[in-house]
Amino acid sequence: MLSRLWPPHIHTASFLLPELPRPHHFLLLSSNACRRTPTFHFRLERRRRPRPRRGSSICCCCGSASEWELKEAGIAVSTFLQGLGVSEEESLSIAFKSPSYSNMLVESVRDLDQHSMWNSDSASLGFREKLLHIASLKGDNGKLPYFESLGFTLSSSITLARYLSSQNLPSLMHKVASIKDHFFSHQADHLLINNIRRMMLHLSIPIDDDLQHTLSFFEKLEARRGGLNVLLSDKDTAFRHLIDSFPRLLSLSLDNHIVPIIDFLHNIGLPRVHITTIILSFPPILFWNIQLLKARLFALKQIHVVDKDYIKLLIRYPWVLSTSIQENYEEVHGFFLSEKVRKICIDSAIRGQPYLLGCSTGKLKSMLDQLADLGVKGNKLDRVIARSPQLLLRKPRDFLQVVLFFENMGLDREIVGRILSRCPEIFAASINKTLKRKIEFLSGVGVSEAYLPGVIRKYPELLVTDTDKTILHRLMYLMKLGLSEKEIGFMVRTFSPLFGYSIEEVLRPKIEFLVKSMKRPVQEVVDYPRYFSYSLEKKIKPRYFVLKGRHIECSLKDMLGKNDEEFAAEFMGVGLGGMLDPPLSSENVL
């Protein structure tokens with residue numbers, strides 16, 4: 001039956017994995033080959049390659065097994081596994097995927113044949129029966145070929161088989177299938193790899209054993225082909241690497257330990273997909289009991305920063321459950337308080353950038369010193385930390401490169417400090433990918449090098465506004481109105497926040513009122529682009545209707561550039577005393 005089921009097309013080249021050099025191998029030796037009941041011992045010896053005998057089926061060039069021998073070995077392995085309770089279909093699959101194990105059985109039989117070490121009863125057995133006999137004497141109870149079929153190397157398979165010697169093969173296979181189903185059937189969050197890399201990049205504190213083992217796992221993955229991406233792209237490879245680093249996972253009870261941990265995480269509000277992400281990010285969680293996991297979560301709830309949002313923090317930074325990160329929180333919190341940073345700003349910073357929890361206070365202090373050198377202290381520091389906590393994760397030399405970038409443009413250090421206080425996210429941006437690209441864009445629309453410092457000083461937010469999705473879109477809108485790039489460049493030079501205004505909320509309604517209601521040409525905004533900064537309902541319309549009612553015509557600048565008292569005195573002959581509102585702040589134009 002098995003001879004018919006075994007794939008007939010299998011030949012030596014396709015069935016064998018490339019044989020790796022091994023300094024040692026197991027030889028089966030008998031103390032007395034003539035005894036009726038032989039006693040076999042495993043002895044570790046250096047192997048000498050046997051000389052091929054005349055008429056032998058051994059390949060004369062490499063000593064590998066013949067096609068017939070491998071077919072017999074495959075059938076023997078399948079038969080052996082079925083005797084252990086494995087289904088026929090699964091046993092054939094395992095046998096087909098474990099060529100190194102099959103070759104090892106063939107070599108053992110050859111060695112015993114060559115040295116005539118079989119006892120009288122065993123010597124009369126057929127080749128397949130000898131293979132079955134050797135497989136039963138190995139003592140791994142089918143685990144070696146099974147682990148090899150999963151993609152483990154033979155050496156790893158031997159280690160795992162010894163470690164899990166007390167488990168029978170069918171139950172082990174069920175556990176492996178269940179673990180794959182629980183942790184790899186759901187696609188992990190696409191941010192998993194990015195979060196892992198950022199955690200590793202910014203971690204600068206002494207770490208506990210659980211976190212150390214996790215980092216070792218990630219480092220091994222990074223060193224292999226595909227790197228950390230295998231966690232998302234190949235569930236079989238990801239499972240194999242996980243077990244290689246954490247073999248104890250297969251010794252845990254599925255029903256009494258693994259499933260209760262998963263159910264507990266689900267019951268506290270974690271979706272299944274995020275449970276997969278958390279487990280792959282921090283596998284030692286599976287070794288904890290429910291009581292320890294509850295204690296770590298309880299400690300997490302005590303961190304004022306997370307309060308009711310601890311689930312969100314757990315998804316973004318699962319390493320917060322480790323002892324070293326929880327202890328470092330107290331250090332980070334105390335350090336910021338000593339620097340006079342308000343607690344609400346500390347909480348906001350950690351919510352925005354939980355990677356700060358893995359930073360040493362020394363690393364944080366080096367960045368605060370750089371901020372202080374630019375005059376960012378007290379309330380300014382609160383604002384910078386709350387608005388751009390990612391700035392604290394930068395290396396001081398990278399931060400200073402941005403400072404030098406502005407100084408080379410002609411901005412003095414005091415102005416650079418003001419820009420930092422107003423728009424700190426600029427200093428966390430890439431010089432080549434963001435800042436230089438914005439400068440090139442502005443130059444392209446007519447903002448020459450001489451005007452750039454003034455434009456940036458008045459509206460630094462322009463440097464962190466998306467070029468493709470925002471600035472270019474607004475530029476095209478203005479050009480469709482009939483304005484040239486030269487005219488738009490002039491508008492930006494005289495009114496820097498121009499590209500900060502929304503088309504739908506600001507530009508379009510004010511242009512339509514200008515053209516349709518006021519009957520003025522679009523070109524009037526070229527001379528006075530500040531027109532877009534005033535409230536349409538509270539200032540533009542009221543003043544227009546006042547002038548229309550009095551049949552007065554004037555420029556946009558005369559109409560809107562005066563305060564209420566000046567406007568009333570010139571066009572109404574009275575002092576209105578603050579009837580109309582001042583222009584919109586350029587800080588609120590995005």
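**Contacts, core and helix packing**

Modeller: This is a predicted model. Setting aside neighbours within four places in sequence, Phe-532 is in contact with Met-491, Leu-498, Tyr-501, Val-506, Leu-507, Lys-510, Ile-511 and Val-525.

Biologist: Which residues touch the most other members of the largest nonpolar core?

Modeller: Phe-532 is one of them, along with Leu-231, Phe-336, Leu-371, Phe-406, Phe-427 and Tyr-531. That core has 178 residues. Its largest share, seven residues, comes from helix α10, residues 169–184.

Biologist: What is the overall make-up of the chain in secondary structure?

Modeller: The protein chain has 33 helices and two strands. It runs to 590 residues, and 49% of them are buried. Of the contacts between residues at least 6 apart in sequence, 71% join residues at least 24 apart.

Biologist: Back to α10. How far does α10 reach from its first C-alpha to its last?

Modeller: It reaches 22 Å over 16 residues, close to the 22 Å expected at 1.5 Å a residue.

Biologist: Which residues of α10 are buried?

Modeller: Leu-169, Leu-172, Met-173, Lys-175, Val-176, Ser-178, Ile-179, Lys-180, Phe-183 and Phe-184.

Biologist: And what do the buried residues of α10 pack against?

Modeller: They pack against α3 (67–83), α4 (88–96), α8 (143–149), α14 (235–245), α15 (254–267) and α16 (272–281).

Biologist: What does Phe-427 touch, not counting residues up to four places away in sequence?

Modeller: Leu-391, Arg-394, Phe-399, Val-402, Val-403, Phe-406, Val-416, Ile-419 and Leu-420.

Biologist: Now helix pairs. At what angle do α22 and α24 pack?

Modeller: Helix α22 (residues 378–387) and helix α24 (residues 413–422) pack at about 55°, and their axes are 8 Å apart. The two helices are therefore oblique to each other.

Biologist: Which residues make the contact between α22 and α24?

Modeller: From α22, Lys-380, Arg-383, Val-384 and Arg-387; from α24, Leu-420, Ser-421 and Arg-422. By class, the contact of α22 with α24 has two nonpolar, one polar and four charged residues.

Biologist: What about α31 and α33, at what angle do they pack?

Modeller: α31 (residues 536–549) and α33 (residues 564–571) pack at about 10°, with axes 12 Å apart. The cut-off for roughly parallel is under 35 degrees, so α31 is roughly parallel to α33. Arg-543, Val-546 and Leu-547 of α31 meet Asp-564, Phe-567 and Phe-571 of α33. That contact has four nonpolar, no polar and two charged residues.

Biologist: Last topic, backbone. What is the phi of Asn-141?

Modeller: Asn-141 has a positive phi of about 55°, although Asn-141 is not a glycine. It lies in the loop between α7 (127–138) and α8. His-551 also has a positive phi, near 60°, and is a residue other than glycine. His-551 is in the loop between α31 and α32 (556–560).

Biologist: Is His-551 buried or exposed? And how is Asn-141 classed by relative accessible area?

Modeller: His-551 is exposed, with a relative accessible area of 72%. Asn-141 is partly exposed, at 38%.

Conventions
Residues numbered from 1 in each chain as written. Predicted model: local features only at pLDDT ≥ 70, side-chain atom pairs only at ≥ 80, totals over all residues. Heavy atoms only, no water. Core = buried A, V, L, I, M, F, W, Y, C linked by side-chain atoms within 4.5 Å. Buried < 20%, exposed > 50% of the residue type's maximum accessible area, 1.4 Å probe, protein only. Helix = DSSP H or I, 4+ residues; strand = E, 2+ residues; numbered from the N terminus. Contact = heavy atoms within 4.5 Å. Axes fitted to C-alpha atoms, helices over the stretch in contact; angles between N-to-C directions. Parallel < 35°, antiparallel > 145°, perpendicular 65-115°, else oblique. Nonpolar A, V, L, I, M, F, W, Y, C, P; charged D, E, K, R; others polar. Expected span 1.5 Å × (residues − 1).
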